[in-house]
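The following exercises are to be worked with the sequence and the coordinates at hand. Each task is followed by a solution in steps.

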Amino acid sequence: MTSILEGFSKAISLILHLNADLMGIILLSLKVSGTALLVATVLALPLSALLGFRKFPFRGVFISILNTFMGLPPVVVGLFVYLLLSRSGPLGFLALLYTPSAMIIAQTILAFPIVASLSHAAIMGVDPVIRQAAATLGATPFQVSLTIINEARYGIMAAVIAGFGRVMAEVGAILIVGGNIAGFTRVMTTTIALETDKGNFELALALGVILLLISLMVNVLLHIFQKKGMAGAIR
Amino acid sequence: MSLSLKVVGIDKSYNSNPVLQGSSWSFTENGIYVLTGANGCGKSTFLRICALLERPDRGAVSFFDKGKAVQGNIALMRRMTLVLPKAGLFNMSVSRNVSYGLRIRGISGKEAADRTESILEFVGLSHKKDQNALTLSSGESQRIGIARALVIDPEILFLDEPTASIDEKNIKIIENIIQQLKQQGRATVIMTTHDRAQAERLSDRVLLLEKGKII
């Protein structure tokens with residue numbers, strides 16, 4: 001018990017003194033996860049709009065697959081990306097394995113189905129009368145679609161935040177494709193795993209506290225956006 | 001321009017249940033037309049087909065002697081508008097809701113602001129312009145729905161049960177708005193109501209829909 005309390009107090013000291021190693025790891029984590037989320041969002045939004053506004057063969061099957069992929073195990077994604085990027089893999093010539101780019105690719109794959117599926121659900125949740133109201137006011141089909149996306153904005157923001165929560169907390173995929181190289185590919189979750197193995201709890205606890213704070217922030221934002229989105233849906 | 005809306009031989013069924021059967025009417029003069037009839041007799045369907053929101057199974061709608069109107073004719077749809085029984089206000093401020101039709105027509109800045117302000121005064125809700133539209137009461141929502149439609153100066157204003165499920169005070173205000181539209185000759189109004197007394201009070205012409213036909 002004493003060692004845990006001691007670990008916590010040292011961890012808080014690291015945070016308060018803005019320890020350089022700690023800050024470097026946090027910044028890299030935010031950079032990797034933020035970029036992955038941005039790429040996933042840019043790819044997912046058009047897809048969710050397409051699924052929401054157009055009817056085409058096997059659309060239902062496509063949505064079911066997307067929903068299934070929301071639960072993709074990170075280690076499986078890590079393995080898949082590793083095989084693609086390894087020297088003998090089809091994308092081996094890019095030499096991306098054990099770089100932040102490989103980690104971004106893996107996290108993009110993890111975030112994409114979450115952002116796409118939840119954004120699609122948000123679009124489908126918009127009251128059908130909104131579409132009719134926009135059309136009766138003379139909106140073109142494109143303007144109608146933009147109006148619906150605007151009405152679903154809080155749900156879409158909640159989808160993006162849920163995607164962020166997923167990638168920030170995952171360890172399996174980035175450990176496999178990033179390699180946990182100090183100062184280069186070492187991020188919060190992989191550092192916690194490594195430092196715990198080494199019995200060096202201060203840094204692990206400090207990062208754990210930061211991760212929990214980020215998680216808390218993500219959940220508060222998620223709650224706010226879901227509440228705002230629900231207010232629109234109820235009317 | 002005087003009105004010319006012709007509805008010829010409209011049939012419409014839902015799940016093999018006929019709602020409209022050979023409904024026809026020519027609206028040739030400006031004014032207020034009130035379509036009335038029992039609940040479920042097809043008044044809303046008739047209005048939605050006239051406003052090009054729904055396609056009839058058979059028959060045709062034509063405006064301004066320009067031949068059969070088709071869904072998706074944006075230029076034509078922008079000359080009229082339909083206010084739905086549930087106004088379908090957007091999750092944004094009252095003034096943004098009202099100016100929506102102007103923004104999608106590329107009208108912004110001072111002109112949009114002035115027109116929005118003026119129409120909000122017309123419906124008596126200018127004091128609520130900065131409020132989120134979803135916080136309004138049902139009656140106020142319906143008045144904003146009408147303001148949102150009027151701001152674009154439609155030649156034909158379709159109102160589908162504009163006073164259903166709202167309080168007496170707002171019913172009177174909406175009826176007053178419709179009467180002012182008539183006095184100012186602002187737009188031809190074609191509305192539905194199941195309230196026969198209201199139909200008599202407001203209309204230049206009452207149309208009765210029975211057994212799928214206008215009689």
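**Exercise 1.** Leaving aside its neighbours within four places in sequence, with which residues is Thr108(A) in contact?

*Solution.* The model is a predicted one, in which local features need pLDDT of at least 70, side-chain atom pairs count only at pLDDT 80 or more, and totals for chains, interfaces and linings use all residues. Residues are numbered from 1 along each chain as its sequence is written, while chains are lettered from A and ligands numbered from 1 in the order in which they are written.

Step 1. Apply the contact criterion, namely C-beta atoms, placed from the backbone, within 7 Å. Beyond four places in sequence, Thr108(A) then has Ala36(A), Val39(A) and Ala40(A) as its contacts.

Step 2. Classify the residue by its surroundings: buried means 20 or more other C-beta atoms within 10 Å, exposed 12 or fewer, and partly exposed in between, with C-beta atoms placed from the backbone. Thr108(A) is buried because 24 other C-beta atoms lie within 10 Å.

**Exercise 2.** How many residues of helix α1 of chain B are buried?

*Solution.* Step 1. Eight of the eight residues of α1(B) (residues 43-50) are buried, so this helix is largely enclosed by the rest of the structure. Among them are Lys43(B), Arg48(B) and Cys50(B).

Step 1. Just after α1(B), Leu52(B) takes a positive phi of about 65°. Most residues other than glycine have a negative phi.

Step 2. Ser165(B) also has a positive phi, near 55°, in the loop between β6 (156-160) and α6 (168-184) of chain B. Ser165(B) is exposed, since 10 other C-beta atoms lie within 10 Å.

**Exercise 3.** At what angle do the axes of helices α3 and α4 of chain B cross?

*Solution.* Step 1. The axes of α3(B) (residues 94-103) and α4(B) (residues 109-122) come within 9 Å and cross at roughly 125°.

Step 1. Under 35 degrees is roughly parallel, over 145 roughly antiparallel, 65 to 115 roughly perpendicular and the rest oblique; α3(B) is therefore oblique to α4(B).

Step 2. The contact is made by residues including Val98(B) and Leu102(B) of α3(B), and Ile119(B) and Leu120(B) of α4(B).

**Exercise 4.** How many residues of chain B are in contact with chain A?

*Solution.* Step 1. Counting gives 20 residues of chain B in contact with 17 residues of chain A.

Step 1. On the chain B side, α2 (74-77), β5 (80-83) and α3 each give two or more residues.

Terms used. Axes fitted to C-alpha atoms, helices over the stretch in contact; angles between N-to-C directions. Helix = DSSP H or I, 4+ residues; strand = E, 2+ residues; numbered from the N terminus. Contact = placed C-beta atoms within 7 Å.
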